[in-house]
Protein chains: 2
Amino acid sequence: MSPTDYPPELSKQEEEYLLSSLKDWSIAHGLAVRPAPSFVQPSQDPSGVLASTAPVTLFPSLFPRSCFEEGLSIQKAYNELYSAIARDESWLKSIVEELVHVDDFVAKLWQTHLEVKKEGYVQDLSLGLFRSDYMVHQDPSQSNPLSGLKQVEFNTIASSFGGLSSQVSALHNYLLTIDAYPNSTSSIIKHEALRQSQSASSLAKGLAAAHRAYGGSRTKRPLCVLFVVQDPERNVFDQRHLEYALLEDNGVRTFRLPFGETLSHTQLDTDRNLVYTPPNSPSKSYEVTTIYFRAGYSPDDYSKDEDWDARIKLEKSRAIKCPSVLTQLAGCKKVQQVLATPHSPHLKRFLPDEKVASRVLETFAPIYPLDNSEAGEEAKKLATDASLATKYVLKPQREGGGNNIYRKAIPPFLQKLPETHWPAYILMEMIEPPPLTNAILRNGELQRGGVICELGVYGVCLWRNGSGNDQKGEVLENWEAGYLLRTKGDQSEEGGVAAGFGAVDSLCLVDG
Amino acid sequence: MSPTDYPPELSKQEEEYLLSSLKDWSIAHGLAVRPAPSFVQPSQDPSGVLASTAPVTLFPSLFPRSCFEEGLSIQKAYNELYSAIARDESWLKSIVEELVHVDDFVAKLWQTHLEVKKEGYVQDLSLGLFRSDYMVHQDPSQSNPLSGLKQVEFNTIASSFGGLSSQVSALHNYLLTIDAYPNSTSSIIKHEALRQSQSASSLAKGLAAAHRAYGGSRTKRPLCVLFVVQDPERNVFDQRHLEYALLEDNGVRTFRLPFGETLSHTQLDTDRNLVYTPPNSPSKSYEVTTIYFRAGYSPDDYSKDEDWDARIKLEKSRAIKCPSVLTQLAGCKKVQQVLATPHSPHLKRFLPDEKVASRVLETFAPIYPLDNSEAGEEAKKLATDASLATKYVLKPQREGGGNNIYRKAIPPFLQKLPETHWPAYILMEMIEPPPLTNAILRNGELQRGGVICELGVYGVCLWRNGSGNDQKGEVLENWEAGYLLRTKGDQSEEGGVAAGFGAVDSLCLVDG
């Protein structure tokens, strides 16, 4: 079979065998989500005992081996880069200052930082569970296009799917083992071409490293890690796999705290130790070593003033934040843009090693500001011209899918927006991935067709922020932590699986 | 807390924490069933991607330590007993002859054996994955009642829940670890009082032992184990856990074959090797080493003549049967009755060691035939008297719940039945278990109240049937293989969880 014919059409019997094997394995191994309300109405299952196979691809998607290996091998450099940015408050300030007037959310995050700074931070350790997202780019203007990885975005908060990613790579390996893939694929889908993602255990190990680095209890309470979460959360099993790995592999207790209930169930003592009191057991409280945010990354999570009070309270505490507000701000698209704008001088500030910096630079797609700088004025011409704009995507500062404006939709979108608000967005050259095909099972429906794959590489980084004579701080732990492949139909331009597009996938490496 | 107050009432917050932890853990670990049609209509989920938390108890049920230990320690004797019965065709024949005129199903199974015998069996190995079911009996006539285990029944075919049982004991252990049980229970629910059931891995190890004992392929095909199953099967994850353990721990391939499709997808070659051709891959066929029946135990599985043809075909084959027809017949209630009728001489035929036999005898509740023997005439008086019948249960020969007649329902039931058909039933003294309380989550509904617990002890036995000079054969492998606790509301008299009553449970040992 040639890769261009991959994956093969399935006979009815082949499809039945593959699907029944997949559906049973996925539930038996927690590769699951709570069903969408459009699939199961909440009134039908008020206590929430139903679950469904997570949206998954039937086949592992083809991915160039060299691109995958490059993505893994530069992750430690990316961890170092974003840790260094998060430690460089004055540089971050210069970035944020360009945004505070046009982006309320960034402004609020910055104010949170300033408010904590006024009293002084009491925890100099910070944890990042990062994910750098890429697509394979093939320059269509080349007659023999070389593939290379281009970064879509860098996530510094709530990097999701690390739990499910480990399971989906195990699923595809299982399907290969039981001969669920037709014989015709045997030259392509081989055990040595598949890669098991260690993301669940590796991210949990990162949280455990922070937990240990926190040291002993100062309040003579048992210690715990706090998962700050959205409620309800359909993607709960993804998070639970990290919790179970923390407990089973590392002996670390965790609690799930809906972000909106933070003020009710946590206390800061006079030394700013964070004390969590589980509502089910008011007489027993825990000292929180590490706060893992799986909420708080979007303005939607802050519907009332108390939510910002909650964020400030957590940020003030002695607990290690994953991430801190400054680390979250380092994930602004604006940061990605100033690094990736052609001829930018910023990268070498954070990555002094030229060889390392040039490898990272290779993964940047050109990104422009929409401000009054020279690059900004050039970008405005691209973004407002209907024919030129087709090569670009317009992105706000937010994490998470659903907010991007694509190609020919850009000029009319900007036309409706006062030009003073344009700097809230960045303009990024579209990455042009190679055409691929796959089949996706989602809410019980099977869809087959052209797809786009996005590779996420996880990274764990624990560092000490600078203070006193040591203004730069230091990285204590730094490792690459597995991968995610997310695949969506190529007619959709967004890729957040939880947001309702696409599926989790694993990769089948191909050479050349 | 005193055991009589166990389990405690839960506050709203305690219940919420326990339930949300339980619901997420169960799906993440495959402690699941496909939802009942009354819960999710098939039209809503035509491709079958939804699953639900399996019916489970919130708390591990209290169980006397001495009873549990006795149940485990006599399992090898029970394996030996039923293996010996299955190897003693002439004795089995004398039992079956009393039934063939009143029980069509037993008659058909016996005919199947005779038909295969005509041509001669070509496989002298047999595998039993047994489960001996007990209740704790407290003689209410004693002022200080001593507890003892009394056997409910002995299953020789399709002993279910070995997959889920391992998961539910792990669930209760997890809930204890995360403090989901209130502090007041700490003197009762302790890690050392819980027992992890190794049933999934141990039963899989049994199938793997048969697979290896089969020897190499005679047809130069790859080897496999065949799970012969019902279709559809809501309890599929229970079976899948055994399949996954076979593959992961033992490297053994399995296929699932709906019993009704046996004739289409299997062939017997001239040497009676059983060849399975997966419908998804017609060009690749497998030689079957071991047939594991999770179907075929009930007359409902034989709706057409071809189903009996299928059973004969499988029985004729060289594959090791789990169980063989004779082993299935050894599980007749009539066998249990002749062993357990007071003053029965039969037990010592199979268990010559008097000490072993007397321990097994201790676990028998009195069982009577309803025939013209002396014991039978006595039993008829008990069964037809409305006041005496309240101490008894009437059972047909079938495996599986749903067919028993209890207490005062017995006399009117017999009245409607011609007396010539009475010998199809056995009359058994009711076991009177101690009063217990628990809470069960089932189809999303939480029910709390009095419960009855049934302990199942699994056993693996691989033996060689007698032939030639060695008429008695020999036991090759024999081990106790974990346990199941099944718990049902005490207003229901039946206990098959899959049949719609009760829940899977684990035990919390108490002394005395």
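This is a predicted model: local features need pLDDT of at least 70, side-chain atom pairs count only at pLDDT 80 or more; totals for chains, interfaces and linings use all residues.

Modeller: Residues are numbered from 1 along each chain as its sequence is written, chains are lettered from A and ligands from 1 in the order in which they are written, and side-chain values use heavy atoms, without hydrogens and water. Local features need pLDDT of at least 70 and side-chain atom pairs count only at pLDDT 80 or more, while totals for chains, interfaces and linings use all residues.

Biologist: How many bridges join strand E14 to strand E16 of chain A?

Modeller: Strands here are DSSP runs of at least two residues, and helices are H or I runs of at least four, both numbered from the N terminus. Strand E14 (residues 392-395) and strand E16 (residues 426-429) of chain A run antiparallel, and the number of bridges joining them is 4.

Biologist: Which strands are the edge strands of that sheet in chain A?

Modeller: The sheet is open and antiparallel, with 4 strands in the order E13-E16-E14-E15. Two strands pair if DSSP finds at least two bridges between them. Pairing on one side only marks the edge strands of chain A, namely E13 (367-369) and E15 (405-406).

Biologist: How far apart in sequence are the parts that Glu153(A) and Lys333(A) tie together?

Modeller: These two side chains form a salt bridge, N to O 3.0 Å, the term meaning a side-chain nitrogen of Lys or Arg within 4 Å of a carboxyl oxygen of Asp or Glu. Both Glu153(A) and Lys333(A) are buried, that is, under 20% relative accessible area, where exposed means over 50% and partly exposed in between (1.4 Å probe, protein chains only). Glu153(A) belongs to strand E6 (residues 147-155) and Lys333(A) to helix H12 (residues 333-340) of chain A, so the parts tied together are apart in sequence by 180 residues.

Biologist: Is Arg349(B), the partner of Asp88(B) in a salt bridge, buried, partly exposed or exposed?

Modeller: The N to O distance between Asp88(B) and Arg349(B) is 2.8 Å. Asp88(B) has a relative accessible area of 15% and is therefore buried. Arg349(B), at 44% relative accessibility, is partly exposed.

Biologist: What is the relative accessible area of Glu243(A)?

Modeller: Glu243(A) forms a salt bridge with Arg240(A), with 3.3 Å between the closest N and O atoms. The two are 3 residues apart in helix H8 (residues 236-250) of chain A, and so about one helical turn separates them. Arg240(A) is buried at 5%, and Glu243(A) is buried with a relative accessible area of 4%.
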